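Biologist: I'd like to learn how to read a fold like this one, feature by feature. Could you take me through it?

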Amino acid sequence: MPVQAAQWTEFLSCPICYNEFDACSHKPISLGCSHTVCKTCLHKLHRKACPFDQTAISTDIDVLPVNCALLQLVGAPVSGIVSVGSVEDTRHYEVCRICVEELALYLKPISGGKGECVKKVIQHVISYPVHFRTLFAIEEEGRMRAVRACRSLGERTVTELILQHQNPQQLSANLWAAVRARGCQFLGPAMQEDALKLVLLALEDGSALSRKVLVLFVVQKLEARFPQASKTSIGHVVQLLYRASCFKVTKRDEDSSLMQLKEEFRTYEALRREHDAQIVHIAMEAGLRISPEQWSSLLYGDLMHKSHMQSIIDKLQSPESFAKSVQELTIILQRTGDPANLNSLRAPLELLAGIDHNPDAAAPSWTELESVLLAVKVVVHGLVEFIQNFSKKSNESPQTQPNSKYKTSMCRDLRQQGGCPRGTSCTFAHTQEELEK
């Protein structure tokens, strides 16, 4: 199962020689394919192509642009102007470079309560490996990648602004209500994982079973660990997989249909990804906005699967979803009175939403790229300002949850001895209410 990706700090070193980037022999050079390699390693290449995806390097290595945003993050001096053609294009490129450097500075460690909140949100929104590797390239392909990265940055920013105005507790209740409304159910991370693995155990060899037999098999296997398992609850889990089109169904005359797992879903990783994607899709249909961090907590009981959930969210986003998000934010601001004047971000957000995300779209000019990056800088700065000065979340001191996992069994110490030495940090339930929650 995919877990959280490498921290952004790991991308401050050359991926070939592992030396930290600097302004001398290990200058970070951005390639058109979005990879960044130090200049020394590039000169040692036997063939003039990216060492990772073999994309040909059409420009002389000595004139390829230095990723100044990376130099800013490692504290190295930034100097010199890169020529990208005409004087006018070079001027636009310099504006673009400065924009990226200013955005990169948001990723630097910040201490203190609000600073930690800002850093956490911005590191998620900017997502260093996805975006800053792409924003320095002078070839046409590099500029195309850059505008698509900017569009993604804008979309994540507007989503984060919507999330900042939501009530997390109400969000969770609305999600499970939406799932139940579709005849499906989520049983909690531990029980759901076991149920999915048992479905896989029954069907991974290509077996075909009726829904009734499959449900009965899972319930019988689960009962020892989860006494609350029932044919109804497991039937709802199977229904969720059915909605996700994981089964090949064979109808039989005067008998129950047979369900067979499609070949591409006969591993836990593949089946779980489709299962998670179906729940995210249900949430989107219900108009719910949930962050990858919240998804990880809700579906896995931990925060280790944020990247996994982000990839699912990104895949399910439609071309129209960004523009709809901007409209949704506008409606929210009308209800709240917009004390932070976030409505001023509407024009740059609409500019970013209008970017053609099609891979075959024409490469933008340096003038167009400059306007896009200026728009990104404005909206990200607006998000930072809002979190620092108006967000209720940033004003609340972060509290460490003693145990973020679901509690699916009663505490044995409490039952046998009348008390539990672990108190609130116990991983087992102390009341029936805790167990049901």
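This is a predicted model: local features need pLDDT of at least 70, side-chain atom pairs count only at pLDDT 80 or more; totals for chains, interfaces and linings use all residues.

Biologist: Is H275 buried or exposed?

Modeller: The idea is to look at relative accessible area, where under 20% is buried and over 50% is exposed. H275 comes out at 0%, so it counts as buried.

Biologist: Q192 was on that list. Where is Q192 placed, and what is its relative accessible area?

Modeller: Q192 belongs to helix α8, residues 189–203. Its relative accessible area is 0%, so Q192 is buried. Skipping neighbours within four places in sequence, Q192 touches Q185, F186, L187, V237, L240 and H275.

Biologist: Now helix packing. At what angle do α10 and α11 pack?

Modeller: For a pair of helices you read an angle and a distance between axes. Helix α10 (residues 231–243) and helix α11 (residues 268–285) meet at about 85°, and their axes are 9 Å apart. Angles of 65 to 115 degrees count as roughly perpendicular, so α10 and α11 are roughly perpendicular to each other.

Biologist: Which residues make that contact?

Modeller: On the α10 side, L240, L241 and R243; on the α11 side, L271, H275, Q278, I279, I282 and E285. Sorted by class, the contact of α10 with α11 has 5 nonpolar, 2 polar and 2 charged residues. H275 turns up here as one of the α11 residues.

Biologist: And how does α7 pack with α11?

Modeller: Helix α7 covers residues 168–181, and it packs with α11 at an angle of about 105°, the axes being 9 Å apart. So α7 and α11 are roughly perpendicular to each other. The residues involved are L175, A178 and V179 from α7, and I279, I282 and A283 from α11. By class, the contact of α7 with α11 counts 6 nonpolar residues, no polar and no charged.

Biologist: What about N341, and where is it placed?

Modeller: N341 is in the loop between α14 (321–336) and α15 (346–353). Its phi is positive, about 55°, although N341 is not a glycine. With a relative accessible area of 47%, N341 is partly exposed.

Biologist: Which residue follows α12?

Modeller: G301 does, and its phi is positive too, near 75°. Helix α12 itself spans residues 292–300, and its buried residues are P292, W295, S296, L298, L299 and Y300.

Biologist: Which side chain does the side chain of E88 make a polar contact with?

Modeller: With that of R91, at 3.1 Å. E88 is in helix α3 (residues 87–105) and is partly exposed at 44% relative accessibility. E88 and T367 are 279 residues apart in sequence, yet their C-alpha atoms are 8.9 Å apart.

Biologist: Last one: how do I read the chain as a whole?

Modeller: Start with the elements: the chain has 19 helices and 5 strands. Then burial: of its 437 residues, 46% count as buried. For contacts, take those with a separation of 6 or more: 64% of them join residues 24 or more positions apart. Finally, the accessible surface is about 21,700 Å², and 51% of it belongs to carbon and sulfur atoms.

Terms used
Residues are numbered from 1 along each chain as its sequence is written. Side-chain values use heavy atoms; hydrogens and water are left out. Axes are lines fitted to C-alpha atoms, for helices over the stretch in contact, and angles run from 0 to 180 degrees between N-to-C directions. Helices (H or I, at least four residues) and strands (E, at least two) are DSSP runs, numbered from the N terminus. Angles under 35 degrees count as roughly parallel, over 145 as roughly antiparallel, 65 to 115 as roughly perpendicular and the rest as oblique. Contact means heavy atoms within 4.5 Å. Ala, Val, Leu, Ile, Met, Phe, Trp, Tyr, Cys and Pro count as nonpolar, Asp, Glu, Lys and Arg as charged, and the others, Gly among them, as polar. Buried means under 20% relative accessible area, exposed over 50%, partly exposed in between (1.4 Å probe, protein chains only). Accessible areas come from the Shrake-Rupley method with a 1.4 Å probe; for residues, only the protein chains shown count as cover. A polar contact is a pair of N or O atoms within 3.5 Å; within protein, one must be able to donate a hydrogen and the other to accept it, and residues adjacent in sequence count only if both atoms are side-chain atoms.
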